[in-house]
Amino acid sequence: MIRLGDILEKVKSYNPKADLEEINRAYVYSAKAHAGHVRQSGEPYLIHPLDVAMILSEMKMDVTTILVGLLHDTVEDTDATREDLEKQFGQEVGFLVESLTKISRLDFESGEEHQAENLRRMIISMARDIRVIMVKLADRLHNMRTLSYLKPEKQVKIAIETMDIYAPLANRLGISWMQSELEDLAFEYVHPEAFKALQEKVKAGRKEYETYIKKAIKILKKALMEHGIKGEVTGRTKHLYSLYNKMKSQELPYEQIFDQIAFRIIVSNVRECYEVLGIIHSMFKPIPGRFKDYIGFPKANRYQSLHTTVMGPFKERMEVQIRSWDMHYTAEDGIAAHWRYKEGKEPLPEQEIKRFTWFKQILDELKDVQNPRELMETVRTDLFPEEVYVFTPNGDVRAFPDGATPIDFAYSIHTDVGHWCVGAKINGRIVPLKYKLKNGDMVEIITSKGHKPSKDWLKMAVTNSAKAKIRNFIKREEKDRSQKIGEELLDRELRRIGKTVKRALKTKVFQATASAFGFQKVEDLVATVGYGKYSAKQVLSRVYPEEMRESKDESEEVKISKKASRRSSRDGIVVDGVDDVMVRFARCCNPLLGDDVVGIITRGRGISVHTTDCPNTEADRYDQDRLVKINWDKKTKVPRTVRIKVTSEDIKGILAEMTAIISSRNINISHADIRTTSDMTAVNTFDVEVEDLDQLQELLKGLSTVKGVIAVERMMTN
């Protein structure tokens, strides 16, 4: 059990001038505020803030952060207020505790939009003072260490949240030991069976690994001494969740994961790091492709080390990390290593946070991101980086997520360079824009002024910054185009009642109508008319109800509206809130009655119906104005064409048996394509007309029973 004396002793060890009396006052205040409160374990609640403060002192945090660790739950769980804390301990402590209180109330399990907004609030709180998230991480770590006292459903919820949000944050802040512990603690509750099985296997081989580690350390130390290098050599087995991820990503059983042990060599400076690398490679055969130089190319969280994997002294793969002591402190504690008390001078949060460029980039991106899906993608991508390092023509190094393309590179230089990008040269050779950047590539962008990005670029770009700029450009272009179309449609209708669109749009009644439709600007309402979401008549009937009612073409308009409405019903789709709009079914995914569907407003072609998992809708989902809620009219069953692929053995009579099964279900084949491969396999593609998803699934099930059929699947048509 942690006591106040343990914390005071720890703080004094790294900060001899620390105001220990202030820490003692915070302890007394917290003890009084939490008096009578108990945790789920039955222990006094005060144990929790003491443990949090101890974790922070182990990270050598400043006195203010230790105070906040002791007081962080007082505003949320007791009668204490921010004003009380400010009177006792100053404005800085009051602000930090209130910020933590707000974060603790965020719910990351709720709906997507709410979840995204909560993530935004957390990131912004971190930006104001990084110590907010340092205390929150310490708080979460102690809660995870004592998670066993909660109910099972609560355990899983907190563990998933830890795995999705807090462990990645610890990683991004460079606090590797905390990331590993959070992941292992969460792993036990998120995947309990896998955790238990892996834990038992690791435990069974522990003695063998300990013996191996001792022998290998002895060999490595001897090699360093022979070359006159003083260094510390340690070895450890990789943490459980790291092993689990490796097993999953490589699709290998535990027994075939050979590099389960990692050795670390810490020396005095950079020169010695490379000397040790040479010694290791001269002693043991390096494994090709397993060397990474994070000293020359530091990670975004400022991590530096040399990583290499060699065939070790006992003919087993051995991973070795080589770093200096300064690198080691940063690698273990990340941003905390730069926040620590230094000779009585505490760096300003805003100055310190700018040193972590990835964090500044997230903040810049959050300013322009409004869509919940886009925001979640932005944060999650930035929290899980696998980076490649490339060179500009001037020799500068730039880091990108794994899988990034020249499009990402172009937009990282300047928005216009991205928009005008028409090609790229990699190491002097022209490559397509979908080329995936590799470590060490020298990238040169070819531009053409006035060139415009296309939607296809969204499938090639990886960085959130590039995607956001492409989407914004496309939205702006489409909105401008739709606004012109909308003005034309409104003008055509207005001329029938003796008015013009230019004058009408400037009137107060039009502004009021835009507000009634839920738009702040008249231009936005006009654009939706261009999209096809609202008809010109629908809008103008609100603006000029009397004139539109007296319009000579009213009867014809009603007739057209009814016809469109009947057509929507006849097609089997009901569009919420819209009667007079054309509905068409996308040929790429051919939706069927029973599929989950989404409606996307298209220019001049009404509403396009897609399945929700259709990849062609990915870009459109980020434009909320183009999405419309639609449902199936289950009373209306209309046969639709769906493409299916049947892979089978190339044997006599199998085609006849397949077609017999199709026709026996009164299903028409509108097109068939049969081809065979060199390995005696037949690929049979059929376009069939079915009424709903149930009928299709029954057909697929029937075809799968034919002897010689290998696989049956529904396909996209193009």
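## Salt bridges

A salt bridge is taken here as a side-chain nitrogen of Lys or Arg within 4 Å of a carboxyl oxygen of Asp or Glu, and the side chains of E493 and R496 meet in one, at 3.4 Å from N to O. Residues are numbered from 1 along each chain as its sequence is written, and side-chain values use heavy atoms, with hydrogens and water left out.

By the rule above, the count comes to 16 salt bridges. With buried meaning under 20% relative accessible area, exposed over 50% and partly exposed in between (1.4 Å probe, protein chains only), E493 is buried at 10%, whereas R496 is partly exposed at 41%. R140 and E161 form another salt bridge, their closest N and O atoms being 2.7 Å apart; this pair links distant parts of the chain, with R140 in helix α9 (residues 131-145) and E161 in helix α10 (residues 152-172), 21 residues apart. R140 counts as buried at 7% relative accessibility, and E161 is buried at 11%. Within helix α6 (residues 82-89), E86 and R82 lie 4 residues apart, about one turn of the helix, and their side chains meet at 2.8 Å, N to O. Salt bridges also link D62, E92 and R131 in a network.

## Nonpolar cores

A nonpolar core is a set of buried Ala, Val, Leu, Ile, Met, Phe, Trp, Tyr and Cys residues joined through side-chain atoms within 4.5 Å. The largest has 96 residues, and those with the most contacts inside it include I23, L137, L182 and F263. Contact means heavy atoms within 4.5 Å; leaving aside neighbours within four places in sequence, L182 is in contact with residues including L137, R140, M144 and Y166. A second, separate core of 23 residues includes L437, V443, L458 and A461.

## Sheets and their helices

Helices (H or I, at least four residues) and strands (E, at least two) are DSSP runs, numbered from the N terminus, and two strands pair if DSSP finds at least two bridges between them. β18 pairs with β19 (residues 681-690) over 8 bridges, and R675 stands opposite V683 in β19.

A424 has V431 in β9 as its bridge partner. Elsewhere, β6 and β7 form a hairpin with 5 residues between them, where G395 in the turn has a positive phi of about 95°.

## Confidence

The mean pLDDT of the protein chain is 81, and 83% of its residues reach 70 or more. Over residues 341-355 pLDDT stays under 50, as it does over residues 552-569. Where pLDDT is low, the predicted coordinates should not be read in detail.

Notes: This is a predicted model: local features need pLDDT of at least 70, side-chain atom pairs count only at pLDDT 80 or more; totals for chains, interfaces and linings use all residues. pLDDT is the predictor's confidence in each residue, from 0 to 100.
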